[in-house]
Amino acid sequence: MKKVAVIGGGYGGLRAIEHLAKNKDFSITLFDMNSYHYLQTEAYGYIAGRFDLHDVALDLQNWCLGFDNKVKFVQDEVTFIDSANNTITTKNKTYDFDFCIIATGARTNFFKQIKGLDKYGYGVKKLFRSHGFRTAFEKLLYEKLLEPSVQQQNMNLAIGGAGLSGVEIAAEMADVIKRHTKSIGDSAQELKIYLIDASDTILPGMSPYIIENTKTRLEELGVHIMTKSFISSIDHDTIYFQDDSQLHYTFMIFTGGIIANTIPMDQEVELNRMGQYICDETLRITKNIFAVGDCVELKDSKDAILPPTAQTAERSAEYVVKTINQLLSNEDIETFRARVDGVFVALGGYYAVGELFQYIKVKGKLAYLLKKLITKSYYIGLKLRLNTGFMRRSSLQEE
Ligand SMILES: Cc1cc2nc3c(=O)[nH]c(=O)nc-3n(C[C@H](O)[C@H](O)[C@H](O)COP(=O)(O)OP(=O)(O)OC[C@H]3O[C@@H](n4cnc5c(N)ncnc54)[C@H](O)[C@@H]3O)c2cc1C
């Protein structure tokens, strides 16, 4: 039996386990400091009040039990990896392994250069942060419902960063406000959404089709787009820009950058400017330690660095498991080259914009349904495993 340690129960970690579990010669342990898998890709709907907690969080213990005795779950933070002795140290204990897959993801980078950002900005990479933002947004709507005639100051919701997550959150909130106007009254429209980015465009790096159609949809929803806007500092109610302009705000969410979660090791490891591991072409840090997902720099066949997505996290995890199997059976190993099959941007309500294999372009309800199909099939896969685990847990408790 080979012991495989997977650190991180996100998109990469869970996909790795699904594939590892097919090999009966592996004994697998999943480590995560949280008790749940957080579906970050659905965060936009949770923040805007469209999805509930059970749509964005799944219990990892129940999920692991869904593999019978094959996968053990340890809820603990991994603090050190000893590559010389093949051990992992958590806050409470030390474990040994034959292979280790690091899938620790990334967190919001509250850039130190932007004074006040860490104090006043919300991130969305952690569930408690999204929850805080959701509560604040709901409170604003609630206050408007109670006292529509009271002119509240600074009814501006600011979103820093117009990448995929910033755009999706802005669109969903704007759509909710539009729909709330019917029930809460016209005063809900006093809530204004500002989408701020230092780049020349929203969704930098995406295709002109995606950018143009997203921009049109955001404008239709009444989102104020501020590109080429460099934030220099923030205090409790004002955002200050480098060109000396200001924006008063009620609360701010920051999606403008991430920094990888890495784990201290007994040897020096090369990192890029986003703090991601720079691995060899087989995603290895050492001969038996691999990294997948947001925590590692991933490149496509043209050697271009790919933006961190759930899709590439899953691809890299599948590749690593295949590689471990090939190593054990002395087969040749291919180098890793990620590819992006498609991108879909949810833009509030039943609207999305998307591209598949670069040449199929869709927008509107059809794109929304395709996006939903992708996320739903992911969710259903997890749910089936979760249900099996939950039933097993109940029968174990009865014994
Ligand atoms: C709002 C939003 C919308 C998005 N939309 C999309 C989208 O539409 N499509 C898409 O493909 N991607 C999207 N993404 C990006 C996608 O969510 C990430 O790329 C994906 O989560 C990366 O998966 P991962 O497995 O690398 O890391 P994560 O999913 O972040 O998981 C990392 C796990 O590691 C655990 N961990 C970290 N450090 C330790 C430690 N030391 N010890 C133990 N456990 C640890 C964490 O608790 C976490 O569970 C979106 C992201 C956001 C925030």
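Over the ring of which residue does the charged end of K365 sit? The ring is that of Y350, and the charged end of K365 is 5.4 Å from its centre. R50 also lies over the face of Y350, at 5.5 Å from the ring centre. A charge sits over a ring if NZ of Lys or CZ of Arg is within 6 Å of the ring centre and within 35 degrees of the ring normal.

This is a predicted model, in which local features need pLDDT of at least 70 and side-chain atom pairs count only at pLDDT 80 or more, while totals for chains, interfaces and linings use all residues. Residues are numbered from 1 along each chain as its sequence is written, and side-chain values use heavy atoms, with hydrogens and water left out.

**Helix α10**

Helix α10 covers residues 365-398. Helices (H or I, at least four residues) and strands (E, at least two) are DSSP runs, numbered from the N terminus. The 34 residues of α10 reach 47 Å from the first C-alpha to the last, close to the 50 Å expected at 1.5 Å a residue; the expected span is 1.5 Å times one less than the number of residues. Among the buried residues of α10 are Y368, K371, Y378, Y379 and R392. Buried means under 20% relative accessible area, exposed over 50%, and partly exposed in between, with a 1.4 Å probe and protein chains only.

**Salt bridges**

The whole structure holds 22 salt bridges, each a side-chain nitrogen of Lys or Arg within 4 Å of a carboxyl oxygen of Asp or Glu. Three of these pairs are listed here.

| Pair | Closest N to O |
|---|---|
| R134 and D52 | 3.5 Å |
| R315 and D341 | 3.0 Å |

R134 forms a salt bridge with D52. This pair links distant parts of the chain, 82 residues apart: R134 is in helix α6 (residues 127-146), and D52 is in the loop between α2 (43-47) and α3 (53-56). R134 is buried at 13% relative accessibility, whereas D52 is partly exposed at 37%.

E219 and K215 both lie in helix α8 (residues 208-220), four residues apart, about one turn of the helix. E219 is partly exposed at 47% relative accessibility, and K215 is partly exposed at 33%.

R315 forms a salt bridge with D341. Here R315 belongs to helix α9 (residues 310-328) and D341 to the loop between α9 and β22 (342-346), 26 residues apart. A network of salt bridges links R15, E314 and E318.

**A sheet of three strands**

Three strands form an open antiparallel sheet in the order β15-β16-β17. Because β15 (231-234) and β17 (246-248) stand at the edges with a single partner strand each, one side of each is left without a neighbour in the sheet. Two strands pair if DSSP finds at least two bridges between them; three bridges join β16 (residues 238-241) to β17. I239 stands opposite L247 in β17.

**Aromatic pairs**

Rings of Phe, Tyr and Trp (its six-membered ring) pair if their centres lie within 6.5 Å; planes under 30 degrees apart count as stacked, over 60 as edge-to-face and the rest as tilted. The count comes to eleven aromatic pairs. F31 and Y95 are edge-to-face, at 4.9 Å centre to centre and 75° between the planes. F31 lies in strand β2 (residues 26-32) and Y95 in strand β8 (residues 94-96), 64 residues apart. F31 is buried at 2% relative accessibility, and Y95 is buried at 17%. F110, F111 and F254 form one aromatic cluster.
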